[in-house]
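Subject: Structure for your review

Dear colleague,

Please find below the structure that I am handing over to you. I would be grateful if you could read the notes after it with the model open.

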Amino acid sequence: MLGRQGERYVLDRLRVAARGGQGGAIVVLGEPGIGKTALIEQAITSAEGFQVLRAGGNEAEMELAFAALQQLCAPVLERLDRLPGPQRDALGVVFGLNAGEAPDRLLVALAALTLLSEVASERPLLCVVDDAQWLDRASAQAIGFVARRIANEQMAFVFGARALSDEVTGLPELVVEGLSERDARALLGSVLPYRLDEPVLERIIGETRGNPLALLELPRGLTAAQLAGGFGLPVSVPLAGRIEESFRRRLVGLPSSSRRLLLVAAADPTGDPVLVWRAAETLSIAASAADPVEAEGLVDLNAGIVFRHPLVRSAVYGAASPQERRRAHQALAEATDPATDPDRRAWHRAQATSRPDEDVAVELERSADRAKGRGGFAAAAGFMERSTELTLDPARRARRALVAAEAKRQAGALDAALGLAALAERGSLDDSQRAQLDVLRAQVSFAANRGSDAPPLLLKARPAPRKPRSEAGARHVSRCTDGRSVRGPAG
């Protein structure tokens, strides 16, 4: 790698300290394409003697509670039986290994800490979490909790992220910036097929701001005449958008069957080649479609399906028409086993549907119940929100919107909760449901530090007049998203 000596030194120090029993974590921050993943891969390659556990955030899995934590811990789950009973059961429930009530999130985080510490006691451990900005919230909280409590462990955490999230705020940061002009020139020169005039070179380097992926990808597919005039792309287009546009240009030259194969892979976040090929067969995509894809270097189809960069996935998905996306999701839904992964199947079915569908809405409602049982309120909210969108019956739609609004509130998505509450209010609600709606708004108001609205809303939520009760019985406690309690009138 060019020009990354300082960043590599920081990561090397982290690894050396962990080997000596002084664990720590670092968040590698930077814009798309700046080289975060390359630095992380270099850290993994240099981690001789370490066991490496990996997880990656994925936009498609942000609504699936504990998806990233399960990905991180999956290779060491055989050690679950070494954990204390309550911790073992907590991880078993959230990972779907056994049934039970949704465990406390603190217990899940403690269990993850105990499990990873057990692994690190035998051999130094490097935990890598890339694209942390796309972690599901439940996983982000648990992993962040662990990363702050490993000072005396042979363990190191390396996060890659575009921006800091609340869950990793406070951890040491390594900000990755663009390459120096000298290094940018050297990198650009390694991929240019012809010599460019100095003013054009300066413009390219200036526009890319030393972003390595932009320097490597933007010149691809452009003629000498296009490069001579600059990029042929508006300067106002964001850098990530310009990188995606470069990837889209490379898609144009692929056969249609290869593009369809890429779309199926982009629509599936698991990276499971068996599932993708099963879906591809449903779409009559031949195995030979993989050859041009691999030759172009956009995706590695060997052990698992790994896109060269997250922007390749988004470029593939963004270049497809809505109808093409729906077909890909439908094929993936048909290829997904409803017995082993009903929630992912339900989500693919929902993405494949363009009009209200009660059958899919009911399936999503069941997925929401299962997610809530695992303590995944964000996942439950996502499932219920989509279920609401696919519901045609006004009364049922209003009821589901109310349930989705409560799930959003519990997940801390207060604005989304209010939006769904407004949708529920426009439907047919009975008196009890309208009282629930007022209580929800009062709780959102309090949690959002607009507490002055809460008492009137709680009073509005009071049922019809009834016989007086004792003062003790006339008050209740409502739990807010930040863990505080607000006392108000019953109902």
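The notes below cover the nonpolar cores, the salt bridges and some loop residues. Please bear in mind that this is a predicted model.

Nonpolar cores

The largest nonpolar core holds 76 residues, and the members that touch the most others are L69, L91, L116, F157 and F159. Helix α5 (residues 105-122) contributes the most to this core, supplying nine residues. As general background, nonpolar side chains in soluble globular proteins tend to be buried together.

Leaving aside residues up to four places away in sequence, F157 touches L14, G24, A25, I26, L72, L116, C127, I143, V146, A147 and I150.

Salt bridges

The model contains 25 salt bridges.

E296 pairs with R250, with the closest N and O atoms 2.9 Å apart. This pair connects distant parts of the chain, since E296 belongs to helix α14 (residues 290-296) and R250 to helix α11 (residues 239-252), 46 residues apart. R250 is classed as buried because its relative accessibility, 7%, is under 20%. E296, in contrast, is partly exposed, with a relative accessible area of 28%.

R400 and E358 form another salt bridge, and here the closest N and O atoms are 2.8 Å apart. This pair also links distant parts of the chain: R400 is in helix α20 (residues 394-410) and E358 is in helix α18 (residues 358-373), 42 residues apart. R400 is buried at 2% relative accessibility, whereas E358 is partly exposed at 31%.

Salt bridges with shared partners also join E78, R79, R82, E118 and E122 into one network.

The side chains of D341 and R344 meet in a salt bridge as well, at 3.0 Å from N to O. D341 is partly exposed, with a relative accessible area of 26%, while R344 is buried, with a value of 14%.

Loop residues

Most residues other than glycine have a negative phi. Against that background, two residues deserve a look.

F66 has a positive phi, near 65°. This residue sits in the loop between β2 (51-56) and α3 (67-73), and is buried at a relative accessible area of 3%.

S284 also has a positive phi, near 60°. S284 is located in the loop between α13 (273-282) and α14. With a relative accessibility of 63%, which is over 50%, S284 counts as exposed.

L135 may be viewed together with F66. The C-alpha atoms of L135 and F66 are separated by 8.9 Å, although the two residues are 69 residues apart along the chain. L135 lies in the loop between β3 (125-130) and α6 (137-147), and is buried at 9% relative accessibility. Not counting residues up to four places away in sequence, the contacts of L135 are G56, G57, M62, A68, V129 and A140.

Yours sincerely

Notes:
Residues numbered from 1 in each chain as written. Predicted model: local features only at pLDDT ≥ 70, side-chain atom pairs only at ≥ 80, totals over all residues. Heavy atoms only, no water. Core = buried A, V, L, I, M, F, W, Y, C linked by side-chain atoms within 4.5 Å. Buried < 20%, exposed > 50% of the residue type's maximum accessible area, 1.4 Å probe, protein only. Helix = DSSP H or I, 4+ residues; strand = E, 2+ residues; numbered from the N terminus. Contact = heavy atoms within 4.5 Å. Salt bridge = Lys/Arg side-chain N within 4 Å of Asp/Glu carboxyl O.
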